Amino acid sequence: MAHKFSKILILLLFFATSLNGYADKNWQPANPEKFSEAKVVASGNEIEIRTQNGAIIVSTNTPTQIKVFTILGQLISQENLPAGVSSLTIGTHGVFIVKVGGLTCKVAL
């Protein structure tokens, strides 16, 4: 039982440390035309969240705060976005939670 627990603990530690690099990623201004084919994940109250090619794309009419979490709850990005279109490229596949303004959704990359 202890051996099984130690394997799980090692896997969780590896997963958590491998995600530390995401915190250094920054949101970039994006050309809306580049993401015209992106899949809409959620929209509401002048905010739209899309995904395309490993990136999260957010369109907003006003400056707003955004937070991106792993499915395990680890914060990987937190920024104040200006009005317009911004994108964050994440270097791995996975499920993430995006909270922007009053809108929260699950995003699969």
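Two strands count as paired if DSSP finds at least two bridges between them; strands are DSSP runs of E with at least two residues, numbered from the N terminus. The model is predicted, so local features need pLDDT of at least 70 and side-chain atom pairs count only at pLDDT 80 or more, while totals for chains, interfaces and linings use all residues. Residues are numbered from 1 along each chain as its sequence is written, and side-chain values use heavy atoms, with hydrogens and water left out.

Strands β5 (residues 64-70) and β6 (residues 75-81) run antiparallel and are joined by 6 bridges. Along this pair, glutamine 65 stands opposite asparagine 80, and lysine 67 has glutamine 78 as its bridge partner. The two strands form a hairpin with 4 residues between them, and in the turn glycine 73 has a positive phi of about 95°.

A nonpolar core is a set of buried Ala, Val, Leu, Ile, Met, Phe, Trp, Tyr and Cys residues joined through side-chain atoms within 4.5 Å, where buried means under 20% relative accessible area with a 1.4 Å probe, protein chains only. The largest such core has 19 residues, and Val68 is among those with the most contacts inside it. Strands β3 (47-52), β4 (55-60), β5, β6, β8 (95-100) and β9 each supply at least two of its residues.

Note on methods: Buried means under 20% relative accessible area, exposed over 50%, partly exposed in between (1.4 Å probe, protein chains only).
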